[in-house]
Amino acid sequence: MNKLIVLILLSCFYSCSSHPPIDINKPESRDTIRLVFNDHKYHYRYCYQDLYKDSPHQDWPKFKITIKFEIIKSGKTNNVVINEKIPKALKNCIIEETLHLKFPRVEGSNKVEVKQPFNFYPKRN
């Protein structure tokens with residue numbers, strides 16, 4: 001458990017500090033958002049795997065969702081929305097994980113609106 005917490009903290013430390021500020025007028029900011037999100041995608045996978053851990057993999061449903069959220073000036077996330085119908089426990093876990101994301105600070109605007117697609121599917125053996 002302690003190793004997991006250290007890993008999560010180090011992951012955020014390196015991903016948050018190694019990217020330039022987000023500026024909606026610069027094309028590379030999309031890449032920065034995508035990289036930070038991808039650095040944390042294992043958190044979302046955990047939400048999915050934890051929900052179905054007691055079922056055989058072939059019985060796990062597939063989901064394709066869009067996570068909508070804002071990145072405010074400080075780099076924190078806000079107003080997370082998932083419109084697709086998915087299990088409530090999965091939706092709550094994804095929202096909670098998204099609220100814990102930390103992006104570089106935002107420049108040139110008060111916030112950045114993000115729409116991030118994400119697919120959930122059973123692990124391939």
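**Exercise 1. Which residues does E70 touch, not counting residues up to four places away in sequence?**

Solution. The model is a predicted one, in which local features need pLDDT of at least 70 and side-chain atom pairs count only at pLDDT 80 or more, while totals for chains, interfaces and linings use all residues. Residues are numbered from 1 along each chain as its sequence is written, and side-chain values use heavy atoms, with hydrogens and water left out.

Step 1. List the contacts, defined as heavy atoms within 4.5 Å. E70 touches K76, T77, N78, N79, K111, V112 and E113.

Step 2. E70 counts as buried because its relative accessibility is 11%; buried means under 20% relative accessible area, exposed over 50%, and partly exposed in between (1.4 Å probe, protein chains only).

Step 3. Identify a polar partner. The side chains of E70 and K111 are joined by a polar contact of 3.2 Å. Such a contact is a pair of N or O atoms within 3.5 Å; within protein, one must be able to donate a hydrogen and the other to accept it, and residues adjacent in sequence count only if both atoms are side-chain atoms.

**Exercise 2. Determine how N79 and T77 of strand β3 are placed.**

Solution. Step 1. N79 counts as partly exposed, at 44% relative accessibility, whereas T77, at 8%, counts as buried.

Step 1. N79 touches K68, F69 and E70, leaving aside residues up to four places away in sequence. Its side chain makes a polar contact of 2.8 Å with the side chain of E70.

Step 2. The side chain of T77 has a polar atom 2.5 Å from the backbone oxygen of T98 and reaches the backbone oxygen of L99 at 3.3 Å. T77 and T98 are 21 residues apart in sequence, with a C-alpha separation of 6.9 Å.

**Exercise 3. Describe the sheet and the helices packed on it.**

Solution. Step 1. The open sheet has three strands in the order β3-β2-β5, with antiparallel pairing; two strands pair if DSSP finds at least two bridges between them. β3 (77–82) and β5 (111–120) each have a single partner strand, so one side of each lacks a neighbour in the sheet.

Step 1. Ten bridges join β2 (residues 63–72) to β5. Among the bridge partners in β5, Q116 pairs with I67 and V112 with I71.

Step 2. Helix α2 (residues 28–39) packs on the sheet and touches β2 and β5. Helix α4 (residues 88–99) also packs on the sheet, touching β2, β3 and β5, and its direction makes about 160° with that of β3. Axes are lines fitted to C-alpha atoms, for helices over the stretch in contact, and angles run from 0 to 180 degrees between N-to-C directions.

Step 3. In β5 the covered face holds V112, V114, Q116, F118 and F120, and the uncovered face K111, E113, K115, P117 and N119.

Note on methods
Helix = DSSP H or I, 4+ residues; strand = E, 2+ residues; numbered from the N terminus.
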